[in-house]
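Hi everyone, thanks for making time for this. I'd like to walk you through one structure, so please have a look at it while I talk.

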Amino acid sequence: MQPAIHTSKSAWKVLSLGLLAAWMGCGGDPLQEPLASQEDALVDGYNLVVTGVSPTTVTPSGAVTFNATIKNAGNVATPAGIVHGLSFWVDGTQVSWSDTHTGSLAPGASVTLTANSGPAGTKVWTAPATAGAHTLLAHVDDINRLPAETSESDNQSSVPLSVTPAATCSDRVRNGTETGVDCGPDCGPCEWPFTAVPLATLRQSAKRVYAHWHYYPVSLGNTNPTSNDYYELNYIAVNGEGGVHAAYGGMMRERPLPRLPRTETDWRLRDAKDEIELAARIGIDGFYLNLWTDSDVNNGAVWTRAKTIVDAASQVGGFDIVPNFDMTILNTGSQAGDQALMIRILGQLKSYAALLRRPDGKYVVGLFNPPAQGRTAAFYATVKQRAATELGMSLYLVPVFLGTGSTALFEEYRTVGDAYAGWGTAVPVTTAGYSGSLKTKAAGYGKSWMHPMSSQDYRPKDRAFWEARNSLTLRSIWENVIADGLDEVQIVTWNDQHEHHNIRPSTGKQWPAYDMTAYYIQWFKMGTQPTVERDVLYYNHRLHRQSLVPTTQTSANLAVCRAGCPATDDVELVGFLTSAGRLEITQGTTTYGVDKAAGGVQAIRTALAVGTPTFRLKRSGATVVQLQSMHPIVGSIAYQDLLYRAGSSARAALPSCAASCANGEARCRLCPGEPMWLKR
C-alpha cells in the first residue's frame, strides 16, 4: 500500500486540470462534467462549521449569554494552541464572542463554546424591551486565526431569534417542560393563587408551624394501589380486616393519593423523604411524631414507620422531629413499665440529628393527653429525671391537652410542663380572640402556647363527627390565630386517615386543605396577607345529605354530631380572586350566585342537591374560570359517608386517581409540578 499523499490546494488544481484533459472526448466534449465542489472534496484538512446556536427564544429585557456548538467537518485535526474564535451577531451587530478555546478538535469532533466577552466588555446581551423577531448569527473563526481551513464559506450559521414574553402560570398553555397541564417547573407553584416566598425565608421566621404525624404512611406495603393495596382492601373496603369494620362501612372513606410500587428496597425511606419534602414546601417546620411502642409485633410495623420518618428527616435536614408520646395508647400495664418504655424509645432516637432541641440543648418532647390512665405530674417528673440520668437528655416537655375549657390541666402539669398545647375541636371559630385567650391563660402559668389547627374530624369507627362547615373550620382558625398574634401552631393532623383530619393530599379531600394551608402559613409567618395573583376556585361538599338514611348501615352504627351541631348540608365555593367577580354554583338547572365587590378570599355556599355541581367565576358576564366537581352527590347510600370532599381549578382533576395509577400515568399525583407520589 502506498502512503497517503498530502497535497496543497494549488497542486490539486494542476492535477485536476490534467485529469480534466484525460476525461475529454475526441471532439473535446467532457465525458463527465467536473463540479466546483469536487476540488474541495479532494482536499485533506480541517474545516470548522457551526452546528447549533442558542438560545433562540428570550424574554424582553432579558440578560442573554449566547452559546454555539462548533464542529470540525474536515478530515484533519485542528491545530492546538490557536484560539478557535466564535462571535455572535444580532441583526448584523456584533454583541459578544468566545475566545478561550485553544484545544485541538479531531475530525468530526464538536465543542460547545459560550460567550465570555463582547464589544461592551461583557458577555451578556440585553434583549429589546418589546417582543419581536430578530436574526442571530454565529461566526466561527471570525477573524481568520486558522487560515488553513479547507473552506471559508461555511463558517457562519444564521437562525431566527424571538423575543417573547415569559410564560405565566395563568396562560393555560403547556410551557417548556410542562406536561399535561399548565403547572410545572417552568412556571413554579402555579397551583397556588399567590407567589410563594422561598422556603428558606419561611424557615427563618420566628413563628413555628408543626404537624402531627400519625402512623399512616403513603404506602403500607409498596403494593399496587388498585389490586392488593392494604388501604383499599382493608381500611376502605366494607369487609376489610376480617369484617371488623363492616357495621359502619369500613374504617376509612379515603386514602393517601396513591403511587405505583417502587422498585427500591428502601421504599419506606424514599416515601418518608417525599412526605417531608411536601410538608416543608408549604412552610411546615417539623412533625410531632406520634409514638407509643418500640416494637413492630402486632403493631403493623408502626415502630419501623416512626424510625423511618426520623431517619428521613435527619438525612434531608432542615426539618424537625418532636417525639410525641401518645399516652392514650402507651400502656405496658404499669406506670413503671410505661416510664421504662418512654426512656427506651428516647434512647433509640437520641442520636438522630432531626430531633428538635432548644437553644439550651434541651430535647423537645410532646405528651399527647398526659392525664390518660391516671398519670400525674409526678409520673412525668420521673421520666425527666431518668432521661437526664440514664440518657444524658434534658427534656423540654410539651403537654398536649384534649380539653382546655378549665384550668385544671394547666394547674396539674405546671411543675413539669415547659410549654402548653391543645388538640382542639374541628369546628369553626366564631369568637374573636379565642386563640389569644388560650395564649393568655398559658402565660398565666409561665408557659408559651401552641395552638391547634384543624380542618375536619369524621370517625366512622367511633361513630362520631364534628361539624366543620366545609372549609370554614380551617379558614376561621387560621384567621383567628393570625389576628391574635400567636407564635406557634400544630396542625391536627398531617396524615391521620382514620379520623380524616389530615391535610396531606388524599383521594377524597384532594389538595385544597394543603393548598389553603400554604396560603395561611405564609401569611402567619411573614405577617402580611399574600396577594392573590391568580384566580383559583376551591369547592367543598359532602356526597349526601347528613339526614339521608342508609339502606344497609343501622342507626346504631351511624356517626352522630359531637360539636358544631347541627350538621349543615351545604356546597361551598371559595374563590381566591385577583379582583371583584361573581361566584356561582350550579346544581342541575339551578344556579346560585353572589357578586363579590372585592378580590381576596371570598366564599359562598348553597344547599346541597343530588347531581354533580359546577363552579364558576364570572367578570362582566363572561366566565373566567369554570370546573365541575370530581364527586357526584347521591340520593341513596348503603353506608353513611360524612367526609367532606374537595377539589380546585388549579390542579388537573382526574375522575379516578386509582385508574390513573393502574394505567401508569404520572398524573396520578394530579399535578406534574408536585415533588412526590410517583418519584422513582
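Leaving aside its neighbours within four places in sequence, W494 is in contact with A211, H212, W213, E275, L278, A279, I284, F287, N502, I503, R504 and Y514.

Before I go on, some housekeeping. What you see is a predicted model, in which local features need pLDDT of at least 70 and side-chain atom pairs count only at pLDDT 80 or more, while totals for chains, interfaces and linings use all residues. Residues are numbered from 1 along each chain as its sequence is written, and side-chain values use heavy atoms, with hydrogens and water left out.

How confident is the predictor? pLDDT is its confidence in each residue, from 0 to 100. The chain averages a pLDDT of 86, and 86% of the residues score at least 70. Where pLDDT is low, the predicted coordinates should not be read in detail.

Now the overall picture. Helices (H or I, at least four residues) and strands (E, at least two) are DSSP runs, numbered from the N terminus. The chain has 14 helices and 29 strands. I'll call a residue buried under 20% relative accessible area, exposed over 50%, and partly exposed in between, using a 1.4 Å probe and protein chains only. Of the 680 residues in the chain, 51% are buried. Among contacts between residues at least 6 apart in sequence, 72% join residues at least 24 apart.

Back to W494, which lies in the loop between β20 (488–492) and α13 (512–526). Is W494 buried or exposed? It counts as buried, because its relative accessibility is 0%.

H212 takes us to some strands. Two strands pair if DSSP finds at least two bridges between them. Strand β11 (residues 208–213) pairs with β12 in the parallel sense over four bridges, and H212 stands opposite Y288 in β12. On to β13: six bridges join β12 to β13, and these strands run parallel. Here the bridge partner of Y288 is V322.

Rings of Phe, Tyr and Trp (its six-membered ring) pair if their centres lie within 6.5 Å; planes under 30 degrees apart count as stacked, over 60 as edge-to-face and the rest as tilted. How many such pairs are there in the whole structure? The search finds 31 aromatic pairs. One of them joins F287 and F319 edge-to-face, at 4.9 Å centre to centre and 80 degrees between the planes. This pair links distant parts of the chain: F287 sits in β12 (residues 286–291) and F319 in the loop between α7 (302–316) and β13 (320–326), 32 residues apart. Both phenylalanines, F287 and F319, are buried. Elsewhere, ring pairs link W192, F194, W478, Y519, Y520, W523, F524, Y538 and F576 into a cluster.

Next, the cysteines. A disulfide here is a pair of cysteine sulfur atoms within 2.5 Å, and the whole structure has one. It joins C561 to C565, with an S to S distance of 2.0 Å. The torsion about the S-S bond of C561 and C565 is about -105 degrees, so the disulfide is left-handed. C561 counts as partly exposed at 23% relative accessibility, and C565 is partly exposed at 43%.

Last stop: an open sheet of four strands in the order β25-β24-β27-β28, with antiparallel pairing. Its edge strands, β25 (590–596) and β28 (622–628), each pair on one side only. Seven bridges join β24 (residues 581–587) to β25, with I585 opposite Y592 in β25.

Notes. pLDDT is the predictor's confidence in each residue, from 0 to 100. Contact means heavy atoms within 4.5 Å.
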